[in-house]
Amino acid sequence: MINSEDPADAPDNALVEQIVAEGPRGALAVAGIATAIVVLMWILFYLLVFVPRSG
């Protein structure tokens with residue numbers, strides 16, 4: 001059968017709405033950390049490669 005699950009076992013709509021209302025905090029945290037790492041790498045590259053070559 002395609003739908004062999006009992007409809008009574010389906011998650012409560014209020015619970016689903018509460019979870020969706022909290023938003024994608026985990027994804028935003030991962031994106032923020034990745035962006036911070038890239039910016040830090042760019043600053044280190046600038047300080048360790050370009051600044052010494054200009055002097």
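Helix α2 has 30 residues and spans 42 Å from its first C-alpha to its last, close to the 44 Å expected at 1.5 Å a residue. The expected span is 1.5 Å times one less than the number of residues. The model is predicted, so local features need pLDDT of at least 70 and side-chain atom pairs count only at pLDDT 80 or more, while totals for chains, interfaces and linings use all residues. Residues are numbered from 1 along each chain as its sequence is written, and side-chain values use heavy atoms, with hydrogens and water left out.

**Overall make-up**

The chain contains 2 helices and 0 strands. Helices (H or I, at least four residues) and strands (E, at least two) are DSSP runs, numbered from the N terminus. Of the 55 residues in the chain, 0% are buried; buried means under 20% relative accessible area, exposed over 50%, and partly exposed in between (1.4 Å probe, protein chains only). The accessible surface of the chain is about 5300 Å², and carbon and sulfur atoms account for 69% of that area. Areas come from the Shrake-Rupley method with a 1.4 Å probe, and for residues only the protein chains shown count as cover.

**Helix α1 and what follows**

Helix α1 covers residues 13–21 and is hardly covered, with 0 buried residues among its 9. Just after α1, G23 has a positive phi of about 80°. The structure has 1 salt bridge, defined as a side-chain nitrogen of Lys or Arg within 4 Å of a carboxyl oxygen of Asp or Glu. The salt bridge joins E22 to R25, with the closest N and O atoms 3.3 Å apart. E22 is partly exposed at 43% relative accessibility, and R25 is exposed at 57%.

Helix α2 has a kink of about 30° centred on Y46. The bend at a residue is the angle between axes fitted to the seven residues ending there and the seven starting there.

The structure has 3 aromatic pairs. In the pair W42 and Y46, the ring centres are 5.8 Å apart and the planes are at 10°, so the pair is stacked. Both residues lie in helix α2, 4 residues apart, or about one turn of the helix. Y46 and F50 have ring centres 6.3 Å apart and planes at 50°, so this pair is tilted. Y46 and F50 are also 4 residues apart in α2, about one helical turn. An α-helix has 3.6 residues a turn, so residues three or four places apart point the same way. Rings of Phe, Tyr and Trp (its six-membered ring) pair if their centres lie within 6.5 Å; planes under 30 degrees apart are stacked, over 60 edge-to-face, and the rest tilted. Ring pairs link W42, F45, Y46 and F50 into a cluster.

| Residue | Relative accessible area | Class |
|---|---|---|
| W42 | 57% | exposed |
| Y46 | 41% | partly exposed |
| F50 | 46% | partly exposed |
| I43 | 37% | partly exposed |

**Nonpolar patch**

V39, L40, W42, I43, L44, F45, Y46, L47, L48, F50 and V51 make a nonpolar surface patch of about 1100 Å². Patches are made of residues with over 30% relative accessible area and no salt bridge; like charges are joined within 9 Å, and nonpolar side chains (Val, Leu, Ile, Met, Phe, Trp, Tyr) within 5 Å. I43 lies in helix α2, which runs over residues 25–54.
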